[in-house]
Amino acid sequence: MDERNAKTFVMSDYLKELSSEFNENLKLNYDLKKKNWFNIGGKAKIYYKAKNLKELIKFLQKISDEEKIFVLGGGSNTLITDNQYNGVVIKFLNNFNNISLLSEEILIAGSSVSDKSLPEFAIENGLGGFE
């Protein structure tokens, strides 16, 4: 194989430590094709599934300050390059999909709330403008 085209993944001590600590929710050199509706894209150096806020904070405190971070939503409006993303892709799991009313005019929506459930909740609670 031509060395210029070979894409070798080398696991540094930093990545080994992250992988060991966050093993079930962290994937290295992770293929992002199935994480968007277009089924396209390359790999992420680090892919992290955040279960809850406490775990997310712990993870963010551990990663290098130089890491680029991309938060991936549902993937419906996301085009992912075929090149490797040399950074961290974070996916929020279901613990981030809560919706609640703060007052008669204000609702709070988690970052994993779908674009379908937010207007449904608003309509059910008499809030307009989300349709």
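Which residues on the other side of α3 are exposed? They are Ile123 and Glu124. Exposed means over 50% relative accessible area, buried under 20%, and partly exposed in between, with a 1.4 Å probe and protein chains only.

This is a predicted model, in which local features need pLDDT of at least 70 and side-chain atom pairs count only at pLDDT 80 or more, while totals for chains, interfaces and linings use all residues. Residues are numbered from 1 along each chain as its sequence is written, and side-chain values use heavy atoms, with hydrogens and water left out.

## Helix α3

Helices (H or I, at least four residues) and strands (E, at least two) are DSSP runs, numbered from the N terminus. Helix α3 spans residues 117-124, and Pro119, Phe121 and Ala122 are buried in it. Viewed down the axis of α3, the buried residues fall within an arc of 160°, so they line one face of the helix; the arc is that of the directions from the helix axis to the C-beta atoms. These buried residues pack against β5 (99-101) and β6 (107-109), where contact means heavy atoms within 4.5 Å. Just after α3, glycine 126 has a positive phi of about 70°.

## Aromatic pairs

A pair of aromatic rings is described by the distance of the centres and the angle of the planes. Rings of Phe, Tyr and Trp (its six-membered ring) pair if their centres lie within 6.5 Å; planes under 30 degrees apart count as stacked, over 60 as edge-to-face and the rest as tilted. The whole structure holds 6 aromatic pairs. Two of them are tabulated, from one aromatic cluster formed by Phe22, Tyr48 and Phe59.

| Pair | Distance of centres | Angle of planes | Class |
|---|---|---|---|
| Phe22 and Tyr48 | 5.7 Å | 80° | edge-to-face |
| Tyr48 and Phe59 | 3.9 Å | 5° | stacked |

Phenylalanine 22 sits in the loop between α1 (13-21) and β1 (26-31) and tyrosine 48 in strand β2 (residues 43-50), so their pair ties together parts that are 26 residues apart in sequence. Phenylalanine 59 belongs to helix α2 (residues 53-62), so its pair with tyrosine 48 of strand β2 ties together parts that are 11 residues apart in sequence. Phenylalanine 22 and tyrosine 48 are both buried, and phenylalanine 59 is buried too.

## Lysine 49 and two asparagines

Lysine 49 lies in strand β2 and, at 24% relative accessibility, counts as partly exposed. Residues up to four places away in sequence aside, lysine 49 touches Glu24, Asn25, Lys91 and Leu93. Its C-alpha is 5.9 Å from that of isoleucine 90, across 41 residues of sequence.

Most residues other than glycine have a negative phi. Asparagine 29, in strand β1, has a positive phi near 55° and is partly exposed at 23% relative accessibility. Asparagine 39, in the loop between β1 and β2, also has a positive phi near 55°; at 43% relative accessibility, asparagine 39 is partly exposed.

## Largest pocket

On a 1 Å grid over the protein atoms alone, a pocket is an open set of points where a 1.4 Å probe fits, with protein on both sides within 12 Å along at least five of seven lines; lining residues have an atom within 4 Å of a point. The largest pocket holds about 370 Å³ of space. Its lining has 18 residues, and Gly73, Gly74, Lys91, Ser112 and Val113 lie nearest its centre. The elements giving two or more residues to this lining are β3 (69-72) and β4 (85-92).

Conventions. Grid points are joined across faces, edges and corners, and a volume is the space filled by probe spheres set on the points.
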